Amino acid sequence: MKLILDAEQKELAESVREFLAGTAPMARVREIAESGEPYDGRVWERMAGELGLAGLAVPEEYGGSGAGHAEVAVVLEQLGAALTPSPYFASAVLAANVLLLSGDEEAAKTYLPGIAAGTLVATFAVPAGPGPVARGEVLDGSVPHVLNGADAGLILVAADGAGGRGLYAVEPGAPGLTRTPLTTLDLTRPEARLEFAGTPARRIGPADAGEAIARTLDLAAVALAAEQLGGLRRCLDTIVEYAKLRVQFGRFVGSFQGVKHKLADMHCTLEQAESVVRYAAWAADESPGELPVAAALAQSYLGRAYFQVAKDHLLLHGGIGFTWEHDAHLYYKRAKGSQLLLGSPRSHRADLAERLGLLA
């Protein structure tokens, strides 16, 4: 088992970090978040084209690079640190993985090359509970929260049909489809409510795609944990620098014992979070049998860990941390949104207990 980044992965991380620093600094992130645009199209085009990030884990036969989920985790760690608004999680993680796992060769050949090139932004609408109902290849119902749901050029939907929960592809202009952008806490991550009323859809894969959907969500849990790790690390780095510069009562605030203890606690949280994420990313590529437990562990730990560190990061900045002009609230909101994106912390802990056999 190897849980540390190798030389190529470190080089990938450095390349993405430098790219984002040059093209999507926080000032630009704020512009996009406040503009109503889902993401910076020019940055996304370069991410997908010049860096080849959108097709990183897509097999070469479908136009991708054929890398692993560990490499995707490396990219997401940097995206999470920079809070870059992009459709990467929706398109390159959720949609690409569910297409690959569906086993539908024709659908993979049709959609994956565009997803890998970044010219087709796709998303995967998967309801937490009862969702749309499929009658043949027509959908009725709704999904309340869908990442990039308003702007995606392809919508993959998990819908219940006669054979079980299947996977369906819906074109953006399909009749009966209503896409309503949502006002969310995290302005850097757009979501929409999707409603289907007699909407024609193409079934992908078998009538019962439950196994493919479950594995896609496990891989998404790992990817999200990597993104959370990046944000967590950036919060800690930022507040440590601030504690060494800010003077209060004639002393650097970092010299106060209460602040030292808090920073030490945050560092310990980071160390544990990194171990959890590295293990989950390793399991995604090398040990599929361990993935369900590793994925549930990752979301059980990272959701609370990132939110706690983001909250302490905001509080330790004092009054300035509460202002709109400071970036602390952006990380705080991303941390809360990510904590709930794939289910509540309680549901992830319940999944972990069940997968470990503790509920028997």
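1. F307 is buried, at 14% relative accessibility. The model is a predicted one, and the points that follow should be read with that in mind.

2. The ring of F307 pairs with that of Y332: the centres are 5.1 Å apart and the planes stand at 45°, so the pair is tilted. Because F307 belongs to helix α9 and Y332 to helix α10, the contact ties together parts 25 residues apart in sequence. Y332 counts as partly exposed, with 29% relative accessibility.

3. The structure has three aromatic pairs. Another of them joins Y279 and W282, whose ring centres are 6.2 Å apart; the planes meet at 25°, under the 30 degrees that count as stacked, so this pair is stacked. Both residues lie in helix α8 (residues 257-286), three residues apart, and about one helical turn separates them. W282 has a relative accessible area of 18% and is buried.

4. Two arginines sit over aromatic faces. R251 is over the face of F256, 4.4 Å from the ring centre. R189 is over the face of F89, at 6.0 Å from the ring centre.

5. The largest pocket has a volume of about 960 Å³. It is lined by 38 residues, and those closest to its centre are A128, L340, L341, L342 and G343. Elements that give two or more residues to this lining include α5 (88-102), β3 (138-147), α9 (291-316) and α10 (328-341). The largest share, six residues, is from α7.

6. By residue class, the lining of the largest pocket comprises 21 nonpolar, nine polar and eight charged residues.

Note on methods:
Residues numbered from 1 in each chain as written. Predicted model: local features only at pLDDT ≥ 70, side-chain atom pairs only at ≥ 80, totals over all residues. Heavy atoms only, no water. 1 Å grid on protein atoms, 1.4 Å probe; cavity = no way out; pocket = protein on both sides within 12 Å on 5 of 7 lines; lining within 4 Å. Points joined across faces, edges and corners; volume = space filled by probe spheres on them. Helix = DSSP H or I, 4+ residues; strand = E, 2+ residues; numbered from the N terminus. Nonpolar A, V, L, I, M, F, W, Y, C, P; charged D, E, K, R; others polar. Phe/Tyr/Trp six-rings, centres within 6.5 Å; stacked < 30°, edge-to-face > 60°. Buried < 20%, exposed > 50% of the residue type's maximum accessible area, 1.4 Å probe, protein only. Lys NZ or Arg CZ within 6 Å of the ring centre and 35° of its normal.
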